[in-house]
Amino acid sequence: MMPNLDGYEFTKTLREGNAELSVLMVSAKQLAEDRKKGFLAGIDDYMTKPIDIEEFLLHVKALLRRAKINDEKRIVIGDVIVDSESMTVSRNGQVQELPQKEFLLLYKLLSYPDKIFTRIQLMDEIWGMDCETGWETVTVHIARLRKRFEGWQEFEIQSIRGLGYKAVKAK
């Protein structure tokens with residue numbers, strides 16, 4: 001049992017905030033009414049304790065598949081393939097190898113389309129919290145990415161004044 005808030009209330013709070021996270025509830029409660037209560041609260045799957053680790057992993061993989069989160073480490077947008085294994089972006093047979101930081105920045109933005117990231121968030125995640133470089137580095141790398149993919153209709157990197165950047169996929 002969680003302190004102060006049970007799993008049902010926690011899930012309701014997540015859903016009220018429009019969170020689209022997949023929720024797998026693991027509980028000692030085994031009655032059908034407990035499962036129903038969980039699903040009505042907004043969970044996606046339910047397991048009872050004790051759990052089998054292999055079955056747990058199968059449930060997680062199924063949730064990721066349903067959420068369309070793959071473990072291929074590739075993002076496909078129309079004809080564009082962003083492949084983290086080779087750090088390349090390709091379209092119609094044209095392959096571009098990007099410098100590591102540019103690739104990581106693009107991959108991060110395209111992994112969460114329409115989500116706004118501040119320069120500081122991007123600096124911390126891509127360059128590391130101990131980096132001595134200023135946030136202007138992000139601006140320079142964004143400019144390079146925009147120039148490199150100028151004319152590509154599949155996605156765009158937008159500046160959000162006073163906040164940061166977001167990637168937008170073509171509709």
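Start at the second largest pocket: its lining has eleven nonpolar, three polar and three charged residues. Here Ala, Val, Leu, Ile, Met, Phe, Trp, Tyr, Cys and Pro count as nonpolar, Asp, Glu, Lys and Arg as charged, and the others, Gly among them, as polar.

Before you go on, note that this is a predicted model, in which local features need pLDDT of at least 70, side-chain atom pairs count only at pLDDT 80 or more, and totals for chains, interfaces and linings use all residues. Residues are numbered from 1 along each chain as its sequence is written, and side-chain values use heavy atoms, leaving out hydrogens and water.

**Stop 1: the pocket**

The second largest pocket holds about 340 Å³ of space. A pocket is an open set of points on a 1 Å grid over the protein atoms alone, where a 1.4 Å probe fits, with protein on both sides within 12 Å along at least five of seven lines; lining residues have an atom within 4 Å of a point. Its volume is the space filled by probe spheres set on the points, which are joined across faces, edges and corners.

Select Met2, Gly7, Met25, Val26 and Ser27: of the 17 lining residues, these are the closest to the centre of the second largest pocket. Helix H1 (7-16) and strand E1 (24-27) are the elements that each give two or more residues to this lining. H1 gives the most, with five residues. Helices (H or I, at least four residues) and strands (E, at least two) are DSSP runs, numbered from the N terminus.

**Stop 2: the cores**

Next, select Val89, Leu105, Leu106, Leu109, Leu110, Phe149 and Phe155. They have the most contacts inside the largest nonpolar core, a set of 25 residues. Such a core consists of buried Ala, Val, Leu, Ile, Met, Phe, Trp, Tyr and Cys residues joined through side-chain atoms within 4.5 Å. Buried means under 20% relative accessible area, exposed over 50%, partly exposed in between (1.4 Å probe, protein chains only).

Which element supplies the largest share of this core? H4 does, with five residues. Now centre on valine 89. Beyond its neighbours within four places in sequence, its contacts (heavy atoms within 4.5 Å) include Ile81, Leu98, Phe103 and Trp152. A second, separate core has seven residues, among them Tyr8, Val23, Met25 and Ala41.

**Stop 3: helix H5**

Pick out Leu122, Met123, Ile126 and Trp127, which are buried in H5. Look down the axis of H5: its buried residues fall within an arc of 100°, so they line one face of the helix. That arc is taken from the directions from the helix axis to the C-beta atoms. The cover over these residues includes H4, strand E7 (117-118), H6 and E9. Glycine 128 follows H5, with a positive phi near 95°.

**Stop 4: glycine 38**

Move to helix H2 (residues 32-41) and find glycine 38. Is glycine 38 buried or exposed? It is buried, with a relative accessible area of 0%. Not counting residues up to four places away in sequence, glycine 38 touches Tyr8 and Ile43.

**Stop 5: backbone exceptions**

Most residues other than glycine have a negative phi, and most peptide bonds are trans. Lysine 49 and proline 50 are joined by a cis peptide bond, with omega about -5°. Proline 50 sits in the loop between strand E2 (45-48) and helix H3 (53-66).

Asparagine 4 has a positive phi of about 70°. Asparagine 4 is in the segment before H1 and is exposed, at 83% relative accessibility. Finish at aspartate 114, in the loop between H4 and E7. Its phi is also positive, near 70°, and aspartate 114 is partly exposed, at 42%.
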